[in-house]
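Please look at the structure below before reading on. The paragraphs that follow go through it part by part.

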Amino acid sequence: MAYLISIKLREDYSNFIFYLSPLVAVFLTLFFGSFIFLILDLSPIESFKIFFISPISNSYGISELFVKATPLAIIALGLSYCFKNNIYNIGAEGQLTMGAIFGGGIGLLFNNSSSILLLPSMILFGAIGGAFWATIPALLKTKFNTNEILTSLMLTYVALFILDYFVVGPWKDPDGYGLPKSMPFPESGRLPVLFDGLRIHIGVYFAIIICFISYIVFNKTLFGFKLRVSGFSSKASQYAGFKYKNLIFYTFIISGACAGLAGLFEVSGPIGLLYRDISPNYGFTAIIVAFLGRLNPIGIILSSLLIALTYLGAEDAQLFLKIPSAVGFVFQGLVLFFLLGTDFLNKYRISIK
Amino acid sequence: MQPIVEFQNINKEYPGVVANNNVSFKIKRQTIHAILGENGAGKSTLVKILYGHVKPDKGQIIINSDLATINSPTTAQSLGINMVFQHFSLFESLTVAENLILGMSEKISLSKLKSKSETICNKYGFNLNLNSPISALSVGQRQSVEIVRSLLNNPEILIMDEPTSVLTPEEIKKLFKIIKKLVADGLTVIFISHKLDEIINLSDHVTIMRNGKVVSNLTTKNEDPESLGYKMLGYKVSKTKQINNINYSEDVLSLNNLSSYSQDPFTTNLNKINFKLKKGQIFGIAGVAGNGQKELMEVLLNENDLEFNGNIIFKNININKLSTFQRKSLSISYVTEQRLGHSAVPEMSLSENILLSMNHKTEFKRGDFINFDTINSYANDVIKNFNVDTPSFNVKAGKLSGGNLQKFIIGREIMSNPELLILSQPTWGIDAGSEAFIKKSLIELSQRGVSIIIISHDLDELLEVCHNISVLYEGSLSKSLNVENIDISKLGKYMGGLFD
């Protein structure tokens, strides 16, 4: 007799475990991560210390943690609008790139300006660029019923090529020795830092404000209610009289604007100019951040800090342990894997007959 | 001659319902034996027991004078019993021949199977291209594939569950020809239907079932549609309950020549539906499931912008183009057939489920902000006034029993003071206490001048609470019958599709 695995929906689906599972996933990641270090002949305890503790043991490290967490949090907060509505925008990386092109373009266009309005307009255009790029998959989905996962993902590569074109073509720095980068933005187009000598910038405030607004929207407004209803059941959403197509547009625009904002903050903050590799996959990693934070604004802030730490840890590991920095992505992948696993086991019961 | 099948005291009980209660009757070899009854009369359960799909609690089946133990469809097939289901199980992307070979229990080469299938097709006139994919076939052709698949097993007995429900009149004629030819060649056919004229035209014998019991075994040629209809429903006359007179004369809703024209083969298009509803009137729409109930509800609710001709007039306003939201704002309320995931979100609290349906009301919001205080007190009122058994309005809707949730949903709609309430299957699958409570609430509501439309498969329920009943059959609506002095044989004829 063959063994059959049967998967059944649990009736006693637990809310407590739903919020506990990120912690379980992190624990499992550390547990299995230690095997990776063992295989590499490294002491797990020492390695974890270098990976997770030493990067944030001084003020510079803490500042860097926030520098990395800010874009992750802003993008993930935006994505949570889509994901709550059961819309899968996978193209935040492209929207981030478009935001950098639009906002950064303003900075390059007025590169002689010293007006205090330059930075606000760059921020505004950054958000518009990201939102614009996100309306394309929304339009395709509502008009032609295309799969938004594919279109938003493919548009990411289109955006990256457009950035490529600008930095090797019309926006190339004439004094840049032929390198594929633009000239630096003027001082008035740079994002103010919070402390002299550290890179942590005012994007942090934006992340906190977006977190606060999202919390209100999700919990207190009809709009947030509509997103949740549509996420649970599109039929119930129709019964309630909500216009599902409009919700698709709104959520794409919000998440695109957030990603565009994050992109602009990267180029006008830590980077200061446009070049090819403006983002170490923040747009993709933010998907993990959003789910690890349970699509809850406060949870997203916490998970963005944790995932930012894997970026920093990976850099230190490369330096001190002589292992590739890709180990940071391995940890991000493990967290997502275990999170999906615990969610699955919380939702379904598996039995073997 | 020995009967080919004999049911002896078959009993099958499901929680809360006796599907088969001491069912005994015989089926003669080489005949077409029809089983007739309303929804839920127990026809499907009985043939599923014969096909080994369902195990009876008690009773036995004699096949060819031998006691048969049928534990699975495979055993049934080895005994020569095959079944064509109402819903097909075919692989869309595979060809006809590939689908046929998947149904074979014996090992056979594809070429051998093709020649065997072709012989069957030619002999009985199935028009099938064995190499075309299922996705390219019409519904009628797909059914032919299912029948050929059964015939390849050389059955002695073929069960057909509502085989005509998906076919066009032309296809039905063809099917009947095939069935008669098959029987002439030695097959015995068990035919489940609720269509009276088909039973008269096709069958040799008919067994009428009601509430899980056999009520008559008849020879078809002695009957006519009227007598069959009466025997199917006749007992209901005595149960009819008088309700109040209608005290108002103005029309609240009228549907004029409503027709839909969807291309989807799985929808029933509405065909020139007309009716008028007075203030305070309860209007019942009866009929067997799948005759356009879903589509009528869709047109009335307008969730999907379904295209239709004709007009819907609510209190002198043409509401054809109005969205669900706008219709609700005009004080039309809806209770859909499906509770979980349609008229309620199981993952959300009862309070949030109030907002689900009442988000058009200004008292529940300030701008776009939700006013939780008024929602919670509304939820509390519903829970109190409609006897909803729950500790609090914070409980998730999915945690309530079917009856409690339905009381909550109907209470939610009634408390919003609608002028028109449209319900689909309001007491489907709920406990008797909740059912009685809901019926009482609806009658009280109509006495306050609210008009009500009930779409239901449950005739008892309609006869108990409605002033008038019409029957929906293949998208057409019969004349309305006054429940007070209802002619049951006429209702039976309407149910079977024989309109005046």
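A crossing of two helices is called left-handed if the near helix is turned anticlockwise from the far one by less than a right angle, and right-handed if the turn is clockwise. Helices (H or I, at least four residues) and strands (E, at least two) are DSSP runs numbered from the N terminus. The model is predicted: local features need pLDDT of at least 70, side-chain atom pairs count only at pLDDT 80 or more, and totals for chains, interfaces and linings use all residues. Residues are numbered from 1 along each chain as its sequence is written, while chains are lettered from A and ligands numbered from 1 in the order in which they are written.

Chain A has 13 helices and two strands. Along the principal axes, its C-alpha trace spans about 75 × 60 × 35 Å. The radius of gyration, taken over C-alpha atoms, can be set against a globule rule of 2.2 Å times the number of residues to the power 0.38. For 353 residues, a compact globule would come out near 20 Å, and the 21 Å of chain A agrees with that. A residue is buried if 20 or more other C-beta atoms, placed from the backbone, lie within 10 Å of its own, exposed if 12 or fewer do, and partly exposed in between. By this count, 46% of the 353 residues of chain A are buried. Two residues are in contact if their C-beta atoms, placed from the backbone, lie within 7 Å. Of the contacts in chain A with a separation of 6 or more, 77% are between residues 24 or more positions apart.

Two pairs of helices in chain A can be followed in detail. Two packed helices are described by the angle between their axes and the distance between the axes. The axes are lines fitted to C-alpha atoms, for helices over the stretch in contact, and the angles run from 0 to 180 degrees between N-to-C directions. Helix α1 (residues 15–39) of chain A packs on helix α13 (residues 327–347) of chain A at an angle of about 135°, with the axes 8 Å apart. α1(A) is therefore oblique to α13(A); angles under 35 degrees count as roughly parallel, over 145 as roughly antiparallel, 65 to 115 as roughly perpendicular and the rest as oblique. The crossing of α1(A) and α13(A) is right-handed. Residues of α1(A) including A:F18, A:A25 and A:F32 meet residues of α13(A), among them A:F331, A:L334 and A:F338. By class, this contact of α1(A) with α13(A) has 15 nonpolar, five polar and one charged residues. Here Ala, Val, Leu, Ile, Met, Phe, Trp, Tyr, Cys and Pro count as nonpolar, Asp, Glu, Lys and Arg as charged, and the others, Gly among them, as polar.

In the second pair, the axes of helix α8 (residues 222–232) of chain A and helix α10 (residues 244–271) of chain A come within 11 Å and cross at roughly 110°. α8(A) and α10(A) are therefore roughly perpendicular to each other, and their crossing is left-handed. On the α8(A) side the contact has A:K226, A:L227 and A:S230, which meet A:Y244, A:L247 and A:T251 of α10(A). Three of these residues are nonpolar, two polar and one charged.

What does chain B contain? Chain B has 17 helices and 23 strands. Its C-alpha atoms fill a box of roughly 75 × 50 × 45 Å along the principal axes. A compact globule of 500 residues would have a radius of gyration near 23 Å, and the 25 Å of chain B agrees. Of the 500 residues of chain B, 46% are buried. Helix α8 (residues 225–233) of chain B packs on helix α17 (residues 488–495) of chain B at about 105°, with the axes 7 Å apart. α8(B) and α17(B) are therefore roughly perpendicular to each other.

The last part is where the chains meet. 14 residues of chain A are in contact with 21 residues of chain B. α8(A) gives the most to the side of chain A that touches chain B, with five residues. That side of chain A has eight nonpolar, four polar and two charged residues. On chain B, B:G341 is found in the loop between β16 (332–335) and α12 (350–358). Apart from neighbours within four places in sequence, B:G341 is in contact with A:S233, A:K235, A:A236 and B:P346. Is B:G341 buried, exposed or partly exposed? B:G341 has 17 other C-beta atoms within 10 Å and is therefore partly exposed.
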